[in-house]
Amino acid sequence: MDIIGAQLVNGVSYGLLLFVITCGLALVFGILGVLNLAHGSLYMIGAYIAYSVTVNSTENFWIALIIAPIAVALLSLLIETTLLRLTYHLGHLSQVLLTFGLAYVFHDLASMVWGSNVLTVALPPSLSGTTTLFNQNFPTYRLVVIGIGLVLAAALWFIQEKTRWGAIIRAGLCDKEMISALGINIKLVLTIVFIIGGFLAGFGGVIAAPILGLYPSMEFQTLILALVVLVIGGLGSIAGTFAASILIGLVETFSKYLMPELSLFLVFGLMAVILVVKPNGLLGKKVA
Amino acid sequence: MKGNHSIKFLFIFLLMALSPFFLSLFHLNLLIEILILGIFALSLNLLVGYTGLVSLGHAAFFGIGAYASGIVAKELSPNLIATLPVSLLVSILVSSIIGMFCMKVSGFYFLMLTLAFSQMIYSFIHQSTDLTGGTNGLSGIPSPQLGGVDFSNPVFLYYLILLIFAAVFTGLSVLVRSPFGQVLIGIRENETRMKSMGYNTTLYKYSSFIIAGALGGVAGSLYTNFNGFISPSDVYWTMSGSVLIMVIIGGAGTMAGPVLGAGLIVILETIVSSYTNMWMLIIGVIFILFVVFFPKGIVGIGNSLVNNLAKSKPLYNESKPEAVYKKDA
């Protein structure tokens, strides 16, 4: 029983980590309709910045938590205003391809700046201890990740559902022409949403770096996992992304425990089955 | 116009047929690689360019064909009569299974579902070490034979692959001009309309998916025969990405485009890799430029150049009657 409880905590922790990584992608897709294949690259850059900031002093982790997301957000601003805007009239496929090209570019830029060695980000002493739960010792940070994931989910839900900004964003999602006719600068809204998406990607990079580590082509692995979460949850639904993150976290953790060689296979198999049974994902709306 | 085209094709075919006489071995091998990847890109183009289904998992079929060929060549016989049909059958089988799932969805979901399936096949190949050699890949695959001819000689291999390439190219050209191909183009342009006209669009898309998968498998099989080696990285999604890049840079929805794209990528990669290992950076930048500024690819650039020339002397513009018509009106 203790083992199952421990795996449960690990699964939920991993799931919420996936949520932290994926929510920016889900937000951008839901509102801009842009499937950002460079999301993994933004995540990677956030993680690498965290490494650079913390390499001399682990206490700098808190500074990294602020600097990295802001740096990635600025990068997103640059991408949105210089490149992405050029493709809005070309259709969704061009945007996917553009971000795919960006992922290639960032891959080499990152290996140019940070090399291609496997790196780790150390935690400050206050987070690196262990906590006993179900008679098992857990790294405290795993529990912290659960807290961060829950807070982030609650904050996103609150902003989207209960504030004026959230209302504008939701309205923009439904009808872009109508909302600009109501006197709202929709272009600015799109830019801001993309920046928030970048911020969240960078934040996810910092949070995930101590657990998942840094290695070449990490961004593609993360991106694929994030896409699976996005599809299972349903494109453009934060609640669905949340549910799917937890589901994938649990499935992957338990399958790694029970039948390790099948775990990746199971996750993709689950995605295929869900897509066939519920083509719009668990909680998604119809996407044309 | 038609005669003009045949002369052009005859000329290109002659040039290709004679190239072993004036190309060095290195360049000949490069040309072989272009032809193989050209077949691969053409197969994806049937999906992306003509049917309008953007797949990010086409490397799955390439890999399946390649591994099937490699395993048969090692375990049974390196005879092409054995390897090629087995690759073809296995990739048809797998693409019909994957296709059944993928036909249920469209748009972004299709893109991601194909990606998921190709990753499943990748992890299968990666993990079944006994069958596929796992991370190490399959090496020491004997060079192909047919009848008494041993294709370890690159010139023979070149002619063999040129022949298959010509067959695939001609076959696909006929296919996309046939009523079947026109229905596919109709689906790309407006699927709802094709449905309301009574076409079973799912069946057409499914057939297109299987044909693309089968030809991808053929390309993979030839690749193994040419290289004598296959590794899981050839099934990874970056392979799916680069073949999609070839199709888009060359010009999706044209016959010449994917081949030109494959040629450009292979030649560029050979040149660039002798100077720097920042290959992904360079191809990424080129790809972005094409996506933003030349969405119709190399063929699109060529066409607009030809059109500009034609505009300056409209009297001789017989091949584009609609342009002349507009000028009169």
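Is A:Val267 buried or exposed, and how many C-beta neighbours does A:Val267 have inside 10 Å? I began my entries with this residue, keeping in mind that I am reading a predicted model. I find 23 C-beta neighbours inside 10 Å of A:Val267, and because the cut-off for a buried residue is 20 or more, A:Val267 counts as buried.

**Entry on A:Val267.** I placed the residue in helix α11 of chain A, which covers residues 263-277. Setting aside residues up to four places away in sequence, I listed what A:Val267 touches, and the list reads A:Val228, A:Ile248, A:Val251 and A:Glu252. I also looked up its separation from A:Gly5, which lies 262 residues away along the chain, and the two C-alpha atoms are separated by 21 Å.

**Entry on A:Ile21.** I then turned to helix α1 of chain A, residues 2-32, where A:Ile21 is found. Here I noted 28 other C-beta atoms within 10 Å, and A:Ile21 is therefore buried. Once its neighbours within four places in sequence are left aside, A:Ile21 is in contact with A:Tyr43, A:Gly204, A:Ala208, A:Thr222 and A:Ala226. I checked A:Gly202 as well, and although this glycine is 181 residues from A:Ile21 in sequence, the C-alpha to C-alpha distance is 8.5 Å.

**Entry on chain A as a whole.** I noted eleven helices and two strands in chain A, and I wrote down their order along the sequence as α-α-α-α-β-β-α-α-α-α-α-α-α. The C-alpha atoms fill a box of roughly 60 × 45 × 35 Å along the principal axes. For 288 residues I would look for a radius of gyration near 19 Å in a compact globule, and chain A, at 19 Å, agrees with that. Of the 288 residues in chain A, 48% are buried. When I took the contacts between residues at least 6 apart in sequence, I saw that 76% of them join residues at least 24 apart.

**Entry on α2 of chain B.** Last, I followed helix α2 of chain B, which runs over residues 25-51 and has 27 residues. From its first C-alpha to its last I read a reach of 38 Å, close to the expected 39 Å. I did, however, record a bend of about 40° in α2(B), located at B:Asn45. The helix is mostly covered, with 21 of its 27 residues buried. Just after α2(B) I came to B:Gly52, which takes a positive phi of about 75°.

Key:
Residues numbered from 1 in each chain as written. Chains lettered and ligands numbered in written order. Predicted model: local features only at pLDDT ≥ 70, side-chain atom pairs only at ≥ 80, totals over all residues. Helix = DSSP H or I, 4+ residues; strand = E, 2+ residues; numbered from the N terminus. Expected span 1.5 Å × (residues − 1). Bend = angle between axes of the 7 residues up to and from the residue. Buried ≥ 20, exposed ≤ 12 C-beta atoms within 10 Å, placed from the backbone. Rg over C-alpha atoms; globule rule 2.2 N^0.38 Å. Contact = placed C-beta atoms within 7 Å.
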